[in-house]
Amino acid sequence: MTQKTPWYKDAIFMELNTRAYKDSNGDGWGDLPGLTSKLDYIKSLGVDAVWLLPIMPSPLRDDGYDVSDFCDIFPAYGTMDDFKTLMREAHLRDLRIVVEIIPNHTSDQNAWFQASRDPNHPQHAKYRDWYVWSDTDQKYQEARIIFTDSETSNWTYDPLRGQYFWHRFYSTQPDLNYDNQEVQQAMLDVVKFWIDAGADGLRVDAPPYLFEREGTNCENLPETHTFLKRLRKFVDIYSPETLLLSEANQWPEDVIEYFGDGDEMHMNFHFPLMPRLFMALAKGDRTPIEETLARTPDLPQGCQWGTFLRCHDELTLEMVTPDERQWMWETYAQDPKQRINLGIRRRLAPLLDNDQRKILLLHSMLLTMMGSPFLYYGDEIGMGDNVELFDRNGLRTPMQWDASPNAGFSDAPTEKLYAPVISDPVYGYQRVNVAAQQADPHSLLNKVRHLIAVRKQHTVFGRGDFSWRSFSFETKAVVAYQRKWEGTRIVVLNNLRGEPVKGWIPETAEKFIDLLTGETILPGDYTLTPYGFLWLQPVGDKANVPSGPNAPQPGYLGSDKQ
Ligand code: NOJ
């Protein structure tokens, strides 16, 4: 019996920040009703599921990843009723909503932490061990510091309690103690709360760090996987359609553990692939992509990779070697202000010199290579960033809807906006905005929309096997591969260089349909345009497709299994 394909395998995701999207009440902050009013736009892009950055109450010391109450809405974003309206309107449009949960830590303003730290608190006895406390700051010395620009230790002293507390991120984000069964249960209750509120999926923040053990780096521990399997079991029983989308920023060998035997997370982001797409593009050489895919294991049944180009965080360089990191910084972040922690805080368009050809080329690979793609709001129109803003906030500026004051984002006086709109001469809202690009058939928006529409016509992209093909373009500049699913085969060619590349289309079919233009391409000589790409569907297929002499060996990421 063939199993039903889960919805997330065919889905296009978009990540967005409620605060940045649309302000409905003129207070300068985006909110849930504002977002609801923009669902038609999101749908028109071809998006199937929206991942919302944290929407729970928070002092925003880590932009909402420091939660003060897991079961409510940040007041400026609206109410639970507004959330339910959003869900209803989204579902009416066949859109799904994925909510962020942050199991590893809370805000230090969270009532759980306040009770835990204060021996005189009436609920201290209950919450005393909900966090990781210690008399010394010398435990777990092998654990790395993640926010290297702002933290010098994973321990912070709390004078009220007279002990140190453990935190993997900011010192205002104490880690919960997962050795405490009540904490585990509390987090399952949070999950249940959001499923009951209608969420279609949960993006599970920072799962590798749930447990601590002496003598380890406190990441990916067996106890962590045991808890995540418990979480999955709960979801499978309570609401089996709910997606668990995991953010384990790890090497493929470690990430694979987060899928378990198909009994842990449904999806995880492919962090190592992302910087290598940028590396390959800047080098004009596919080798970095080949190397990372060679390390990428096949997934258990029902699981899926999440792929992305940019997100709300820095372009992370944690999953590259120190030499590669240095190279990436020198190539993509020459201004030291553009660097943060082990990454680069720039948006897609500025990283790619605002060159529409390069932006579309990366989208071509994002949409066809593997897994389910995640777009980041605003990148579809080529929004810019603002390195003057604190932390990663320069990547989270108001959505640019039109050329009216405040970019059509808000009616508030400009000085009341939660963050300034981008208004520089290149990326400013006066030039870069949805309204202008909707009207222009050659705009980035309309071209990205077209790529998404074509991807959605072919389930092979979300479900199919991957294998490399050289297709007679005997140069490392061309990233050529084949996707195959239930008798359908599609071949994709991407030219990483800003110059034409000559080759030929082999006679493995009578002819090919160029899926992006509808034109017919006959086997024979062919020149790929600078940064050009082709998505080809064979007609009159001659079953076995030979690889060219320089093609990397197929056999990983699922070779020609069928
Ligand atoms: C990963 C999130 O994407 C990031 O924004 C946040 O700062 C850390 N987790 C800590 O929650």
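**Ser364 and its surroundings**

Modeller: In this predicted model, the side chains of Ser364 and Asn494 make a polar contact at 2.6 Å.

Biologist: Where does Ser364 lie?

Modeller: Ser364 is part of helix H14, which covers residues 356–368.

Biologist: Is Ser364 buried or exposed?

Modeller: Ser364 is buried, because its relative accessibility is 0% and the cut-off for buried is under 20%.

Biologist: What does Ser364 touch, leaving out residues up to four places away in sequence?

Modeller: Ser364 touches Leu451, Tyr481, Val492, Asn494, Phe533 and Trp535.

Biologist: On to strand E17, then. How many of its residues are buried?

Modeller: Strand E17 runs over residues 488–495, and seven of its eight residues are buried, so the strand is largely enclosed by the rest of the structure.

Biologist: Which way do E16 and E17 run, parallel or antiparallel?

Modeller: Antiparallel, with eight bridges joining E17 to E16, residues 478–485. In that pairing Val478 sits opposite Asn495 of E17. The two strands form a hairpin with two residues between them, and Glu486 there has a positive phi near 45 degrees.

Biologist: And how many bridges join E17 to E22?

Modeller: Four, again in an antiparallel arrangement, with E22 spanning residues 533–541. Leu493 is opposite Leu534 of E22 there.

Biologist: Switching to pockets. What is the volume of the second largest pocket?

Modeller: The second largest pocket is about 340 Å³. Its lining has 18 residues, and those nearest the centre are Leu360, Lys447, Leu451, Leu516 and Phe533. H14, helix H16 (444–456) and E22 are the elements giving two or more residues to that lining.

Biologist: How do the residues of that lining divide?

Modeller: Nine are nonpolar, five polar and four charged. Leu451 and Phe533, both near the centre of this pocket, are also among the residues that Ser364 touches.

Biologist: Next, H10. How many of its residues are buried?

Modeller: Helix H10 covers residues 273–283, and nine of its eleven residues are buried, so it too is largely enclosed by the rest of the structure. The buried ones are Leu273, Met274, Pro275, Arg276, Leu277, Phe278, Met279, Ala280 and Leu281.

Biologist: What covers the buried residues of H10?

Modeller: The cover includes helices H11 (287–294), H12 (322–332) and H13 (348–351), strands E10 (304–308) and E11 (315–316), and also H14. Just after H10, Gly284 has a positive phi of about 65 degrees.

Biologist: Last topic, the open sheet of three strands. What is the order?

Modeller: The order is E4-E6-E5, with antiparallel pairing. E4 (133–134) and E5 (155–158) are the edge strands, each with a single partner strand, so one side of each has no neighbour in the sheet.

Biologist: How many bridges join E5 to E6?

Modeller: Four bridges join E5 to E6, which covers residues 163–166.

Key. Residues numbered from 1 in each chain as written. Predicted model: local features only at pLDDT ≥ 70, side-chain atom pairs only at ≥ 80, totals over all residues. Heavy atoms only, no water. Buried < 20%, exposed > 50% of the residue type's maximum accessible area, 1.4 Å probe, protein only. Polar contact = N/O pair within 3.5 Å; in protein donor to acceptor, adjacent residues only side chain to side chain. Contact = heavy atoms within 4.5 Å. Pairing = 2+ DSSP bridges. 1 Å grid on protein atoms, 1.4 Å probe; cavity = no way out; pocket = protein on both sides within 12 Å on 5 of 7 lines; lining within 4 Å. Points joined across faces, edges and corners; volume = space filled by probe spheres on them. Nonpolar A, V, L, I, M, F, W, Y, C, P; charged D, E, K, R; others polar.
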